[in-house]
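These are my notes on how two chains of one model meet, kept in the order in which I looked things up.

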There are 4 protein chains.
Amino acid sequence: MDIVMDAQALNAFLARDFPQVADDHVVEAINGDVLTARLRVADAHLRPGGTVGGPSIFALADIAIYCAILSRIGPVALAVTTNATIDFMRKPAAGRDLLARCRVLKLGRSLAVAEAMIFSDGAPEPVARCSMTYSIPPKQPENSRL
Amino acid sequence: MDIVMDAQALNAFLARDFPQVADDHVVEAINGDVLTARLRVADAHLRPGGTVGGPSIFALADIAIYCAILSRIGPVALAVTTNATIDFMRKPAAGRDLLARCRVLKLGRSLAVAEAMIFSDGAPEPVARCSMTYSIPPKQPENSRL
Amino acid sequence: MDIVMDAQALNAFLARDFPQVADDHVVEAINGDVLTARLRVADAHLRPGGTVGGPSIFALADIAIYCAILSRIGPVALAVTTNATIDFMRKPAAGRDLLARCRVLKLGRSLAVAEAMIFSDGAPEPVARCSMTYSIPPKQPENSRL
Amino acid sequence: MDIVMDAQALNAFLARDFPQVADDHVVEAINGDVLTARLRVADAHLRPGGTVGGPSIFALADIAIYCAILSRIGPVALAVTTNATIDFMRKPAAGRDLLARCRVLKLGRSLAVAEAMIFSDGAPEPVARCSMTYSIPPKQPENSRL
């Protein structure tokens, strides 16, 4: 599959359309079929014990997967998550950013499936694993079908 | 199953141990086996189009399910989510709070399973459905097994 | 939502189109928004210890949810499961049939979401909980879009 | 993680403890951290249209993941699936066996998480993706805690 939006274009898209998340999240690279996104961990993401909370991990996976899909289909703001499953496997390391490494497994006409593995920056073993399904709206002329 | 923490006790627990979420989230009631929690929707929760974003819906489900489990076992701060699955089914209504109605399906010695249905306040059809598994740490004398 | 296929019509559909499963599985009733299906447990479904294995529980949930969706949209043989999540919570009781109680949560133009709770016949607490998403093919004139 | 049961030992274990599935399923190889298992597709696995049905795909993933966990911990017959999520992404190719490639993501004291990607033999793109959590019973002396 070809890349139609690179990391720079995705970050510009996030900054314009998702300003609430663009401060904390950045697409770092797209290498082959793996997109890497970073959560710049700040106090707002922490739970008791000083580690990143589940909803912040979920948000990182959601943004990484969304960007991985957009990297293939372009800036379709209306693509929406229909299903998400996440396995929380290890406590994130304290004081480290989180990285999501994401792969698109299926890019169909109306559904896309992707998965992300989440790591503490520098750690070899994953903090969490997530898969999501996105519903992709039909292109303009058929829009009335929605 | 008996209720060992009521809504008031759960809200006090959230305020003390989870101050980042206690402003936005409140346990409203426990009726029979259903716990109801509310997300007081604010600008920080909104995505483009003015509706509540997926991570905020996930966070509400997480807090509601956590509280539903604590209502049965008491304030075990170390219970952690190990798996979460969420189906996003409808766009939340604009300008409405979200309500989670949550039920504990299994309360085992080491694992608990619960589900939550998420509604826009006043709307009959669910915005999302979520199930989660929590790992419950063993009681003190056996703590060394961890 | 109206019922367009009742239990009798669904069982006839299974017998014709899914003869491999129609011997073991039967739609028992549709009451309000709950469809109940039964797995007539036989030796082929058992795992070591004499209880029904996970794949047989999955198959029952799949058939119950498929029939619940068809009960609303009619005999669309091409509807396919795109995502399934199942929580196995308790060991099935030995020597008992399994019952699935299933509810459609969303019936959209292209996606349907439903959930099933699985019980050992006569037991009050669920053996498993399952949710599935089905992709529904567009109606004939639009078939070329697939 | 070390391998304590190889493919031959796992197939012998299946033949002895799971005779119902051992005819159709075989562990082919363990290379590094990937276990490969095969479903020898037969008529009993087919659904209308001549492709392998969802429950048979689920069963293959279940057996592959179970064996991948046993390859690390030895023949613990009591390990049980607590959660499974499967994304069905493409129709299996007609007349081909299915292969599961499975990886253990976490092997904790009481929970293991693994994932499997399912392919039609010879096809490059996955038919399905599955992740499962297994509950591992405590070792003998602590057995009374169950």
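I began with the strands and noted that β5 of chain C (residues 80–88) and β5(D) pair in the antiparallel sense over five bridges, where pairing requires that DSSP finds at least two bridges between two strands. Within this pairing I found A84(C) opposite I86(D).

I noted that the model is predicted, that local features need pLDDT of at least 70 and side-chain atom pairs pLDDT 80 or more, and that totals for chains, interfaces and linings use all residues. Residues are numbered from 1 along each chain as its sequence is written, chains are lettered from A and ligands numbered from 1 in the order written, and side-chain values use heavy atoms, without hydrogens and water.

I then looked up the contact (heavy atoms within 4.5 Å), which takes 20 residues from chain D and 20 residues from chain C. The buried area (accessible area, 1.4 Å probe, lost on putting the two parts together and summed over both) is about 1700 Å², with 55% from carbon and sulfur atoms. Of the area that chain D buries against chain C, R47(D), F58(D) and F88(D) supply 27%, more than any other three residues.

For salt bridges (a side-chain nitrogen of Lys or Arg within 4 Å of a carboxyl oxygen of Asp or Glu), I recorded two across this interface. In one salt bridge R47(D) partners D62(C), with the closest N and O atoms 3.9 Å apart.

Terms used:
Helix = DSSP H or I, 4+ residues; strand = E, 2+ residues; numbered from the N terminus.
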